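These entries record what I looked up in the structure shown below.

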Amino acid sequence: MAKLIDIISPIYQDLLKKCERRKISVNLDIQDLTLRVDDPEKIEKFYTTEIRRALKLCEAGDKITLSQSGTRFSVKNSANTALDADTVTKLRADGFEVRARFGYDTIVTLNI
C-alpha cells in the first residue's frame with residue numbers, strides 16, 4: 001500500500017515541466033495526500049494516461065487540474081477541443097466517469 005503523495009508527486013513534477021514550456025496552467029486539488037492506496041499502479045496509470053490526453057488537447061492559456069476527493073481521482077482540462085464521441089464511449093465502457101462538452105471543461109474521473 002502506498003501513500004497518494006508518493007504516486008502523485010513525480011507525476012505532478014513532470015507535468016509542471018511540460019506545461020511550463022507550453023504556457024499551460026497546472027492546478028493540484030488534492031484533499032488528502034496521505035491517503036493510502038491499495039492499487040498504486042492503477043492510480044499512476046490513470047493520471048499518466050489522462051494527463052497525456054489532456055496535453056494533446058490543451059493549448060497555451062489552458063489549464064489542467066489534478067484532483068482527488070475521497071476515492072475519486074480526476075483530471076480536468078479547459079481545452080476548447082472536447083473529446084470525440086468514440087473516446088468518451090470507450091472511457092465510459094471502461095468504468096470512468098466522463099464530462100466532455102464543447103465550450104466546457106473536460107473531466108475524466110476514476111472511482112475506486
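**Entry 1, cysteines.** I looked up Cys 58 and found that Cys 58 is buried, with a relative accessible area of 2%. I noted that the model is a predicted one. Cys 19 is also counted as buried, at 1% relative accessibility. How far is the sulfur of Cys 58 from the closest cysteine sulfur? I find 7.2 Å, to Cys 19, which is too far for a bond. A disulfide needs the two sulfur atoms within 2.5 Å, and I therefore record a count of zero disulfides.

I next examined the largest nonpolar core, which holds 32 residues. The members that touch the most others are Leu 15, Ile 43, Phe 46, Tyr 47, Ile 64 and Leu 66. Among the elements that give two or more residues to this core, I list the helices α1 (4-22), α2 (40-57) and α3 (85-93). I then followed Leu 15: leaving aside residues up to four places away in sequence, Leu 15 touches Val 26, Ile 51, Leu 55, Ile 64 and Leu 66.

**Entry 3, overall form.** I recorded three helices and seven strands in the protein chain, in the order β-α-β-β-α-β-β-α-β-β from the N terminus. The radius of gyration is 13 Å, which agrees with the value near 13 Å for a compact globule of 112 residues. Buried residues make up 39% of the chain. Of the contacts with a separation of 6 or more, 67% join residues 24 or more positions apart.

Key
Residues numbered from 1 in each chain as written. Predicted model: local features only at pLDDT ≥ 70, side-chain atom pairs only at ≥ 80, totals over all residues. Heavy atoms only, no water. Core = buried A, V, L, I, M, F, W, Y, C linked by side-chain atoms within 4.5 Å. Buried < 20%, exposed > 50% of the residue type's maximum accessible area, 1.4 Å probe, protein only. Helix = DSSP H or I, 4+ residues; strand = E, 2+ residues; numbered from the N terminus. Contact = heavy atoms within 4.5 Å. Rg over C-alpha atoms; globule rule 2.2 N^0.38 Å.
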